[in-house]
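Welcome! Please take a look at the sequence and the model below, and then let us walk through some parts of the fold together.

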Amino acid sequence: MRDRPEALVVGGGPAGLGTAVALQAVGVRVLLVEARRLGASFRRWPRETRLLTPSFTANGFGLADLKAIAPGTSPAFSLGEEHPTGRAYARYLEAVAHHFGVPWVRARVKGVEYREGVFRLATQGGFLEAPFLVWAVGEFSFPRRPFPGASLALAYARVGSFSRLALEAPERVVIGGYESGLDAALHLAARGVRVTVLDPEAPWEADTGEPSYDLSPYTRSRLRGAPKGLLRLRRERVLALGRSGQGYLLVTDRGRRTTPHRPLLATGFADGLDPVRHLFHQGPLPPGAPGRAPPLLGGRVHPGPRPLPGGPQGAARGGTLLLHLQVPGPLPHRGPGHSPQAGAGRGAPGGLPAGGHVAGGSHLLPGGLRLLGAGWTRGGPLPSSPGS
Ligand SMILES: Cc1cc2nc3c(=O)[nH]c(=O)nc-3n(C[C@H](O)[C@H](O)[C@H](O)COP(=O)(O)OP(=O)(O)OC[C@H]3O[C@@H](n4cnc5c(N)ncnc54)[C@H](O)[C@@H]3O)c2cc1C
């Protein structure tokens with residue numbers, strides 16, 4: 001059938017959307033499948049949380065805005081902010097999808113089968129099929145709970161607003177002290193809450209020069225300006241969490257702590273690969289494998305049989321590529337088994353094929369959002385981009 005998609009992209013975050021735009025630009029019929037809304041992870045961030053990496057409209061110098069997902073676009077230009085909130089960034093993502101005419105359906109993919117060159121996706125509303133599949137469901141939907149009783153704590157991903165949380169208790173224990181843990185601690189302390197952060201690796205002391213380990217400059221500068229006396233940072237590993245009377249008991253490698261208020265859990269995220277894990281090659285690749293096309297590992301083309309640290313995340317199967325894409329970012333990929341590479345595959349924006357050009361102009365979109373540039377094309381305007 002002419003209109004049947006050639007590629008299904010699952011996940012409407014920056015990785016999925018950026019990939020869908022890139023595939024469309026080279027003439028692939030794409031259908032994006034998103035369980036909630038485009039940019040759903042960012043919409044579910046705590047209201048006050050902002051992106052860590054700075055945005056700047058560097059397009060005029062031939063450079064990309066660090067947080068752009070499609071050539072010629074710039075969140076800094078569209079949003080007028082260097083560190084937008086999650087909700088603002090989601091508006092940029094929606095604007096890109098609208099501008100490039102990315103077709104998408106709302107459906108949660110529950111299972112995937114691969115047979116005779118076709119991926120078959122089971123959703124609550126029926127089946128979707130295509131010969132190519134891009135899996136880009138991110139991590140935010142899958143908080144990691146790494147010790148017994150962790151589900152008693154409030155996961156960072158479930159916090160609606162720190163302003164509201166600050167009104168609930170005058171003190172709070174935060175488990176995990178990397179980006180999201182410190183984001184929570186700093187927002188709460190700024191609102192007068194006494195916060196104790198527990199993390200066995202004391203990320204606030206790390207200074208390796210590797211951005212997957214070290215805190216972002218944004219968080220470091222926030223730490224320097226933290227209210228004195230309200231923030232306590234402790235090198236301490238939580239082993240278990242339980243109830244104790246009206247409060248909570250934390251068993252740690254330093255002893256026991258009690259707190260009357262529900263601790264906040266910021267121990268990172270899992271990979272969301274469950275529905276497709278069986279389709280990925282696990283373990284080291286045999287020399288020369290898999291033959292017809294190079295394996296794709298975490299979104300990166302891997303030229304040889306040498307496995308990447310953290311293990312292969314994707315491989316060619318019979319000439320059909322199944323990719324697991326994640327936008328690299330200073331995520332709290334931490335906890336047991338953490339490696340800086342885990343989940344840090346170079347995703348859609350970095351993986352865009354070269355050779356296009358950016359047409360000029362600026363476009364006003366619904367909601368008053370402006371988008372820079374007309375799109376990235378192969379020599380002519382994109383037929384599917386309404387504004388070009
Ligand atoms: C507090 C915080 C601050 C951050 N700051 C930055 C930063 O400054 N710069 C940066 O580069 N990165 C940052 N990151 C990381 C960045 O948010 C992630 O790397 C990025 O969101 C990953 O994009 P993605 O498209 O892979 O996943 P997501 O944005 O999570 O998108 C995945 C989508 O898949 C959907 N989905 C999930 N399961 C299914 C299913 N079964 N079927 C269909 N759809 C499904 C979800 O609803 C979601 O919309 C930050 C993260 C956090 C938590």
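Strands β4 and β5 (residues 118–123) are joined by 6 bridges and pair in the antiparallel sense. Strands here are DSSP runs of E with at least two residues, helices are runs of H or I with at least four residues, and both are numbered from the N terminus. Two strands pair if DSSP finds at least two bridges between them.

## About the model

This is a predicted model, in which local features need pLDDT of at least 70 and side-chain atom pairs count only at pLDDT 80 or more, while totals for chains, interfaces and linings use all residues. Residues are numbered from 1 along each chain as its sequence is written.

The pLDDT is the predictor's confidence in each residue, from 0 to 100. For this protein the mean pLDDT is 80, and 73% of the residues reach 70 or more. Over residues 291–320 pLDDT stays under 50, and over residues 374–388 pLDDT also stays under 50.

The protein has 7 helices and 23 strands. Of its 388 residues, 43% are buried. A residue is buried if 20 or more other C-beta atoms lie within 10 Å of its own, exposed if 12 or fewer, and partly exposed in between, with C-beta atoms placed from the backbone.

Is helix α1 (residues 14–25) enclosed or open? All 12 of the 12 residues of α1 are buried, so the helix is largely enclosed by the rest of the structure. Among them are Pro14, Leu17, Val21 and Ala25. From first C-alpha to last, the 12 residues of α1 reach 16 Å, close to the 16 Å expected at 1.5 Å a residue; the expected span is 1.5 Å times one less than the number of residues. After α1 comes glycine 27, with a positive phi near 90°.

Strand β1 (residues 7–10) and β2 pair in the parallel sense over 4 bridges, and alanine 7 has valine 30 as its bridge partner in β2. The chain crosses from β1 through α1 to β2 in a right-handed β-α-β crossover. Right-handed means that, with the strands pointing away from the viewer, the path from the first strand over the helix to the second runs clockwise. Strand β2 (residues 30–34) has 4 of its 5 residues buried, so this strand is largely enclosed by the rest of the structure. On to the next partner: β2 and strand β3 (residues 104–106) are parallel and share 3 bridges, with leucine 32 partnered by tryptophan 104.

## Around strand β10

Strand β9 (residues 171–175) runs parallel to β10, and 5 bridges join them. With helix α6 (residues 179–190), these two strands make a right-handed β-α-β unit. Strand β10 also pairs with β11 (residues 231–234), in the parallel sense over 4 bridges. Here valine 197 has leucine 233 as its bridge partner. Another right-handed β-α-β unit is made by β10, helix α7 (residues 217–224) and β11.

Which residues does threonine 196 touch, not counting those up to four places away in sequence? They are Val173, Arg232 and Arg234, where a contact needs C-beta atoms, placed from the backbone, within 7 Å. Threonine 196 lies in β10 (residues 194–198), and valine 173 stands opposite. Threonine 196 counts as partly exposed because it has 19 C-beta neighbours inside 10 Å.

Most residues other than glycine have a negative phi. Glutamate 116, in the loop between β4 and β5, has a positive phi near 45°. This glutamate 116 is exposed, with 6 other C-beta atoms within 10 Å. Alanine 202, in the loop between β10 and α7, has a positive phi near 40°. With 14 other C-beta atoms within 10 Å, alanine 202 is partly exposed.

How values were computed. Two residues are in contact if their C-beta atoms, placed from the backbone, lie within 7 Å.
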